[in-house]
Amino acid sequence: MSEASTKKQTAESKPSLNINARDYGLLAALVVIVALFQFWFTDGKLLLPANFNNLISQNAYVVILAIGMVMVIIAGHIDLSVGSLVAMIGAVSALAIREWGLPVWASILISLLVGAAVGAWQGFWVAFVRVPAFIVTLAGMLIYRGLAIVFLTGGTIGGLPDSYVAIGGRWIPQWMGEVNNLDLFTLLIGVLGALGFIASQFRSRAKLNARELPTESLVVFYGKLVLVSAAMLFFAYRLAQHNGTPYVLILLGVLVLTYSFILNRTVFGRHIYAMGGNRFAAMMSGVKTKWVDFFIFVNIGTLAAVAAIVTTSRAGAAQSGAGNFYELDAIASVFIGGAAVQGGVGKVSGAVIGALVMGVLNQGLSIMGVDSAWQQVIKGLVLLAAVAFDVTNRRRSGTA
Amino acid sequence: MSDIILKMKDIVKEFSGVRALDGVSLDVRRGEVHGICGENGAGKSTLMKVLSGVYPHGNFEGQIEFDGKPVEFRSINDSEHTGIVIIHQELALSPYLSIAENIFLGNERASRGVIDWHDTNAQATELLKRVGLKEKVTTQVLHLGVGKQQLVEIAKALSKDVKLLILDEPTAALNDDDSAHLLDLIRGLRDEGITCIIISHKLPEIRAVADTITVIRDGETVDTFAMTEKDNSESRLIRSMVGRPLDNLFPPRTPNIGEEVFRVENWNAYHPVDTGRKVVHDASFYVRAGEVVGFAGLMGAGRTELAMSLFGRQYGAHVSGKVLKHGKEISTRSVNDAIANGVAYVTEDRKRFGLNLIATIAANITGANLRDVSNYGVIDLHDEIEVAEKYRDSLSIKTDTVTKPVGTLSGGNQQKVVLSKWLNTTPEVLILDEPTRGVDVGAKYEIYGIINKLASEGKAIVVISSELTELLGLADRIYTISEGRITGDVLREEATQERLMQLMTVGEN
């Protein structure tokens, strides 16, 4: 579903009525990478149903963190602490269940609250004391990792209940049954998703027409409808072949839609872009820049808690070494997704596609049996190439 | 004429088709202080950049002779090697380095790359003595006030065996004592045989220190006279600086002035860093409905500081005073308060303070009033585009779509976007700071038309401008500001450029 929902975002989210070449280019790059692995390097193994399913649950944390990170980066900051925070909150969450004997829902609630509180702490230093976010979150990176080790006394807490483990590692029960070994419920979601997308596109176009505002040409419009719907249906088909819909996919779908909406359609989201594009101009227009900064960090703290729950439940245990380098995965995804280092530019859809690029690389290289050391080398080079391409492109078009 | 150290002949410099310098000639005698005067934008700074090699040889037309030989500078380094040093208005010292390190920056007292600190500090001490600065040479520059930093700059120039020292607006940021000291120092350097060129807006000061004065206007030399000549009066200077006919650059308008809308009483503001320095002194003024009020003042007079401290206290420390609208006191403490009370401020530097260049035209236009196009914090993107289209029509912003980045527009159209943004807050009082800077002649005319139309709709309008012709063409009434004080309130019928220039250049009495 991630891929489909991403495409949906790309198409729906823009206030612009032009085709945004950059967005489609990024999507095309993802398709090319998938095709290379599918047909060239892995002999069709990448998109086997089981691998496809894995791709989603294995990379869910990157998508979640990248969504928070893209907002931080648009505002012109950075957050280096999320990896350590994932470990620390994972520890808290496991302790709540195993040591304090709390139910799963209470553990989740406490995790989210801790995430928000840590975000508020960092936001306070960044927004009101004006310590650069790089420093605040670098300090956080050390603090939370240390605390995670303290909480777990250096070890691991396992034995988490089934309902907790299901969040990151299980599938929605196939309650509608199967036809030809295909989960009907998953297929239904795919069909509904495609129809929903088509309906929203028609509605938006009708609104524009009613107000006599310019619209996309018909070819582009229908082309987009066909391609996106087809991708969603294929996606659902693959998932239906193997256990159906993972819980975490629903979570990702909700997060992606919600945050695209926040960034594109709300006053808060607009203020983030305005601040990142020109902080002085935003201040002179009455944007309360300090509070916007503060809430961006509260938000990423909370999302780090979500990532912590997903990671801990998938692993079935809290580990003090969890979340290592997660912050770098998230940052890389955001920049591959077209965000600008100096702020003001970036999209949830781009960050998600960036996360998928990283995910496909991980998965594809693993299937090929590439040594993990070399995987890091390759991912590093891809990040460098993507941003270099973006920078030169922008310079040529004169918008940077 | 005696010994000429510098001869600039027929200098022409164009910027993408616009002639900033149109055949300027300048003769400077050895060992004199030569003053250069002119309005903002007359071409003084451009001329000095040509001289100091900021614009390399071949980038302009005309000849420069220094010490009797033709010179072709390719960079500032070239001109400094010849003995020409320029001290810019914005000082260029590195704040965390010591005075001595700054003096020898780029010119270190070193052998084989290793700095000789004894030599450095000893020579720096000597230089400080020459410029009369009583500070330890190991003091970090950030602990010095602007006046002392200015002296460090001069010491730095002296360390390079300067023959011709150019000072661009050296006293603009100085208080009276520091200014007096600096002028004494310049006289002292002249007696040591160093030639000085001083650019200044402060006419009394220039007449006090200069031996010869050259006036530049619209990129041409219009007058040169020695202070020994019979007519060396301030009025001769002012006449030369402004003496141009008022062109027919302004759309006609019949003012229809109503009740008083906006009044500011006893407004004071201090410099945000140097908090002892008062930048705005007891300013009081008023604007009526349908009235266009001009603010004239030279650069650094405190016009923008007045406006920015008024608008949400975005400038200054210890700001005090009263703001009234329709006779009732209102708050403009924050930008949001000001906007909510119907005050809008179109900033001077649109790229820095006015626009988010990478965002769309539509997003910029709604940026100061998102409430208008949103419900419960959710923006209606269609409403937003509709609002943008409305302004695109009414202000004729030239673009094929309002959804492209505002940075792709021309200067004039960008300015119209900033105007749209503030009109969209439905202000009653509109403060426009340099509304036509960096805008071509055609777009200027359009912007004047917009201003006239807004006035006819009953808005109270303040226009801050460096161009006197613009104020004379637009405003019903003109306030003059000099050194942070309002020094005059002149009706359009009684205003002449000479009179305004005189009020703008009065010193502290």
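Start in chain B with helices H5(B) and H6(B), which are roughly parallel to each other, since angles under 35 degrees count that way. Keep in mind as you go that this is a predicted model.

**Stop 1: two helices side by side**

To find the pair, select residues 146–158 of chain B for H5 and residues 176–191 of chain B for H6. They pack at an angle of about 15°, and their axes are 10 Å apart. The crossing of H5(B) and H6(B) is right-handed.

Now show the side chains where they touch. On the H5(B) side, pick B:Gly147, B:Gln150, B:Leu151, B:Ile154 and B:Leu158. Facing them from H6(B) are B:Asp178, B:His181, B:Leu182, B:Leu185 and B:Leu189. What classes of residue make up this contact of H5(B) with H6(B)? Six are nonpolar, three polar and one charged.

**Stop 2: the six-stranded sheet**

Stay in chain B and colour the open sheet, whose strands come in the order E6-E9-E10-E3-E11-E12, with mixed pairing. Which strands stand at the edges? Look at E6 (84–87) and E12 (220–226) of chain B: each has a single partner strand, so one side of each is left without a neighbour in the sheet. On average, neighbouring strands here are turned by 15° against each other, direction ignored.

Next, zoom in on E9 (residues 164–168) and E10 (residues 195–199) of chain B, a parallel pair joined by five bridges. Click on B:Leu167 and you'll find B:Ile198 of E10(B) opposite.

Then bring in helix H8, residues 234–242 of chain B, which packs on the sheet. This helix touches E3 (33–37), E11 (212–217) and E12 of chain B, and its direction makes about 25° with that of E11(B).

**Stop 3**

Jump along chain B to residues 477–482 (E23) and 485–491 (E24), which pair in the antiparallel sense over six bridges.

**Stop 4: over to chain A**

Finish with H3 (residues 49–74) and H9 (residues 218–240) of chain A, whose axes are 8 Å apart. Are these helices roughly parallel or roughly perpendicular to each other? Their packing angle is about 110°, and H3(A) and H9(A) are therefore roughly perpendicular.

To see the contact, show A:Pro49, A:Phe52, A:Asn53 and A:Ile56 from H3(A), which meet A:Phe235, A:Arg238 and A:Leu239 in H9(A). By class, the contact has five nonpolar, one polar and one charged residues.

Technical notes:
Residues numbered from 1 in each chain as written. Chains lettered and ligands numbered in written order. Predicted model: local features only at pLDDT ≥ 70, side-chain atom pairs only at ≥ 80, totals over all residues. Heavy atoms only, no water. Pairing = 2+ DSSP bridges. Helix = DSSP H or I, 4+ residues; strand = E, 2+ residues; numbered from the N terminus. Axes fitted to C-alpha atoms, helices over the stretch in contact; angles between N-to-C directions. Contact = heavy atoms within 4.5 Å. Parallel < 35°, antiparallel > 145°, perpendicular 65-115°, else oblique. Left-handed = near helix turned anticlockwise from the far one by under 90°. Nonpolar A, V, L, I, M, F, W, Y, C, P; charged D, E, K, R; others polar.
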